[in-house]
Amino acid sequence: MDYGVNTFAKVRDGERISPQEALELCDNGALLELGAAANERRQQLNPGHRVTYLIDRNINYTNVCVTDCQFCTFYAPNATHPDAYVNSREVLARKIEEALALGATRILMQGGHNPDLPFDYYLELLGWIRVAFPTIEINAFSPSEIEFMAAISGKSWLKVLTELQAAGLSGLPGGGGEILDDEIRKRVSPKKISTENWLRIMEVAHSLDLTTTATMVIGLRENLHHRISHLRRLRELQDRSLAAGSRGFNAFISWPVQIEGTSLGRSKFREEYGATPSEYLRHTAIARIFLDNVPHMAASWPTLGAKVGQVALHFGCDDFGSTMIEENVVSAAGAHTRVSPMMSVVEIHRQIRGAGFYPAQRDSSYNILRDYRAAADDDDLTEVSLESIPEFVPMPLERENGGGLTAVGR
Ligand code: SF4
């Protein structure tokens, strides 16, 4: 059978494949052949056996949201709801202090679309963090939050992003991308940002040299055309941003939707949502092959578990994500561990080495902070977990961490 011979040869030669060729790979590619081709692409972009990771903490500053996405179980519809919260400065300070104690170099801050927070709230929040914690990098507010801020303030996206950047913002998470196709978005999140606006806001962020990541959630009853169309739109935007002299997206990461407790999980189509590990791996490999202009690809272990994450490192991924301190949004919606899937640095090293690679700590721009090439380098690490910090008080999942899938993006 020679269905993919020319396509695989193109990958070997470092050439771009077309959307049609990607679709053919989706239809016919054998799993291990896809993995091998994805690894060729990975080696062209990131030669060697280094796998990076980030130490960071997710912080969801509010769970109040008026957008009602069907895959979200975490939002409170208004401020009077008994579960509603907006984190106080005291709570935020404690979270950042704990993250710093664990060696975090970044916080990833996202929240619901809360109509009670004026735009100045975000500027003041960033300004306060910048002064109180000058060493921590702040990635915050996915494109849907930026669109919401523009709507409540009457400012343009460029003005909103410029002012946030001046206040201390260094990058945007890729959350809210889900499937970049309005046919799917209108079905599962009709009030959320459109495909076009998500891409345009990211393009503005690129023009300002903000750090960005592209994300994708599979298993929303999309078909293969929708998936390839999502990847094509990302690749086209990346081409434009790179041509304009920007960095564009640093990385891409995808994961399967988690539907437990959500409207989707109660629908008559519930069995049709989600994706198996092999489907995730096939998709990861095709994304690595297709997105030849996005430098890095991260494995998603919180949704499918560390073992699938390790295998993904053999399907084109060169990054193991982050420690995910306090990431419990996907987990509470049914992810692999059903508890906060935080992984300690020691455990991340164990997983990366167990998969046949060596770990390196990075920042959110993928600058290497430290290479741990030799196994003996791990001797410098101390096993530490959030629970080992005396002042840490575990939070009930639903109370403290809102944001649904918006909150998951890196
Ligand atoms: S996913 Fe985000 S935008 Fe959608 S309802 Fe949940 S918090 Fe709101």
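Student: Is Lys 155 buried, partly exposed or exposed?
Tutor: Keep in mind that this is a predicted model. A residue needs 20 or more other C-beta atoms within 10 Å to be buried, and 12 or fewer to be exposed. Lys 155 has 15 other C-beta atoms within 10 Å, so the residue falls between those limits and is partly exposed.

Student: Where does Lys 155 lie, and which residues is it in contact with, leaving aside its neighbours within four places in sequence?
Tutor: Lys 155 belongs to the loop between helix 6 (143-153) and helix 7 (157-167). Once the neighbours within four places in sequence are left aside, the residues in contact with Lys 155 are Ala 150 and Val 160.

Student: How many Å apart in space are Lys 155 and Phe 119, C-alpha to C-alpha?
Tutor: Along the sequence, Lys 155 and Phe 119 are 36 residues apart. In space, taken from C-alpha to C-alpha, the separation of Lys 155 and Phe 119 is 9.5 Å.

Student: Are helix 5 and helix 7 roughly parallel or roughly antiparallel?
Tutor: The axes of helix 5 (residues 119-132) and helix 7 come within 8 Å, and they cross at roughly 25°. Angles under 35 degrees count as roughly parallel, so helix 5 and helix 7 are roughly parallel.

Student: Which residues in helix 7 meet helix 5, and is the crossing left-handed or right-handed?
Tutor: From helix 5, the residues taking part are Tyr 122, Leu 123, Leu 126, Gly 127 and Arg 130. Their counterparts in helix 7 are Glu 163, Leu 164 and Ala 167, and the crossing of the two helices is right-handed.

Student: Is Thr 212 buried or exposed?
Tutor: Thr 212 is found in strand 6 (residues 211-218). Around Thr 212 there are 29 other C-beta atoms within 10 Å, and because 20 or more are required, Thr 212 counts as buried.

Student: How far is the C-alpha atom of Thr 212 from that of Phe 249?
Tutor: Not counting residues up to four places away in sequence, Thr 212 touches several residues, among them Gly 171, Met 202, His 206 and Phe 249. Thr 212 and Phe 249 are 37 residues apart along the chain, yet their C-alpha atoms are separated by 5.0 Å.

Student: Which strands stand at the edges of the open sheet of 4 strands?
Tutor: The order of the strands in this sheet is 9-1-10-11, with mixed pairing. An edge strand has a single partner strand, so one side is left without a neighbour in the sheet, and this holds for strand 9 (319-322) and strand 11 (368-371).

Student: What is the bridge partner of Ala 360 in strand 11?
Tutor: Strand 10 (residues 358-362) and strand 11 run antiparallel and are joined by 3 bridges. In strand 11, the residue bridged to Ala 360 is Asp 371.

Student: Which residues is Ile 286 in contact with, leaving aside its neighbours within four places in sequence?
Tutor: With its neighbours within four places in sequence set aside, Ile 286 is in contact with Ala 22, Leu 25, Cys 26 and Leu 34.

Terms used: Residues numbered from 1 in each chain as written. Predicted model: local features only at pLDDT ≥ 70, side-chain atom pairs only at ≥ 80, totals over all residues. Contact = placed C-beta atoms within 7 Å. Pairing = 2+ DSSP bridges. Axes fitted to C-alpha atoms, helices over the stretch in contact; angles between N-to-C directions. Parallel < 35°, antiparallel > 145°, perpendicular 65-115°, else oblique. Left-handed = near helix turned anticlockwise from the far one by under 90°.
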